[in-house]
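The questions below work through a structure shown here, with an answer to each one. Please keep the sequence and the model in view while reading.

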Amino acid sequence: MSIRIDLHTHSTASDGTLDPAELVRAAAAAGLDVVAITDHDTTDGWGPALRALPPGLRLVRGAELSCRWDGEQPPVSLHLLAYLFDPEHPELVAELARVRAARLARGERMVDLLRADGIGVDWPQILALAGGGTVGRPHIAQALIRAGLVTTTAEAFGPDWLGERYRLPKEDIDVFRAVRLVRAAGGVPVFAHPRASRRGRIVPDELIAELAAAGLVGLEADHEDHSPAERAHVRGLAAELGLLVTGSSDFHGSHKTVQLGAFTTGLDAYERIVAASSGVTEVA
């Protein structure tokens, strides 16, 4: 019997629709043996997920860090999955707090732009939809859906809405700094969906080689936003650079159609992540 491992999921601590307790229960119900909680720029979901952890399910505590690469203008946005890091590492804690505050201010400015064009959404509604979690575009998308202006999150993320017209830049972490901070906190950094061209601009392989030299440990290859050719490219690059390869659902609940366990990580890669960490241990 194979072990099923999903290393990229989101709860209401950021922009998922299941709270952390519901998330781990859903992971067990989906037949997963290992699940990672990787909310955007926060560890707030760790405690509730741990307290609700079903017997037999292992929990990898992590986060998805909002990063940027300044090698092009405007900078390229990218995401770094950070696993099993010390949640009290001072520099990393300060940087995540800065990013969350900037995300909150950005969200409010985007709502102001919408309202200036007569679009009926308001900031208190967005905060209520976030439920105390890290505010993101999916929460504004939900407000647009409730107002009957769009029908899906994907439509809300289109160029007429939050994809371009009403989108503002984020104050993300320089990706090299993010890798260094995660490693300093005893964590394991893995580049999330690095070749997902359908999301927008992607970074060159040369940058990933530089990140590997700086401490990057792995690449997420199997992801719904990667085509088969993109998955193959990521696997080849990982082999060339000596990086491990992960696969995961990037589950967001009803904000996305992808289901828990839709893509999974091999046992060897999972064991390498656990062995490379010194921040916190995985919990069963």
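Q: Is Asp250 buried or exposed, and what is its relative accessible area?
A: This is a predicted model, in which local features need pLDDT of at least 70 and side-chain atom pairs count only at pLDDT 80 or more, while totals for chains, interfaces and linings use all residues. Residues are numbered from 1 along each chain as its sequence is written, and side-chain values use heavy atoms, with hydrogens and water left out. Asp250 is found in the loop between strand 8 and helix 10 (267-276), where helices (H or I, at least four residues) and strands (E, at least two) are DSSP runs numbered from the N terminus. Because buried means under 20% relative accessible area, exposed over 50% and partly exposed in between (1.4 Å probe, protein chains only), Asp250 counts as buried, with a value of 2%.

Q: Which residues are joined by a cis peptide bond?
A: Most peptide bonds are trans. The cis bond has an omega of about -5°, and its proline is placed in the loop between strand 3 and strand 4. The two residues that this bond joins are Gln73 and Pro74.

Q: How far apart are the end C-alpha atoms of helix 9?
A: The expected span of a helix is 1.5 Å times one less than its number of residues. Helix 9 (residues 228-241) has 14 residues, so it should span 20 Å, and the separation of its end C-alpha atoms agrees, at 20 Å.

Q: Which residues of helix 9 are buried, and what do they pack against?
A: The buried residues of helix 9 are Glu230, Val234, Leu237 and Ala238. They cover an arc of only 100° around the axis (the arc of the directions from the helix axis to the C-beta atoms), which puts them on the same side of helix 9. The face turned away from that side carries the exposed residues Pro228, Ala229, Ala239 and Glu240. With contact taken as heavy atoms within 4.5 Å, the buried residues pack against helix 8 (205-214), strand 7 (218-222) and strand 8 (244-247).

Q: Which residues lie nearest the centre of the largest pocket?
A: On a 1 Å grid over the protein atoms alone, a pocket is an open set of points with protein on both sides within 12 Å along at least five of seven lines, whereas a cavity is a set where a 1.4 Å probe fits but cannot get out; lining residues have an atom within 4 Å of a point. The largest pocket holds about 1400 Å³, a volume being the space filled by probe spheres set on the points, which are joined across faces, edges and corners. Of its 45 lining residues, those nearest the centre are His79, Arg137, Phe157, Arg167 and Arg199.

Q: Which element supplies the largest share of the lining of the largest cavity?
A: The search of the whole structure finds three cavities of 30 Å³ or more, and the largest cavity holds about 40 Å³. Among its lining residues are Val99, Ala102 and Arg103. The largest share, three residues, comes from helix 3.
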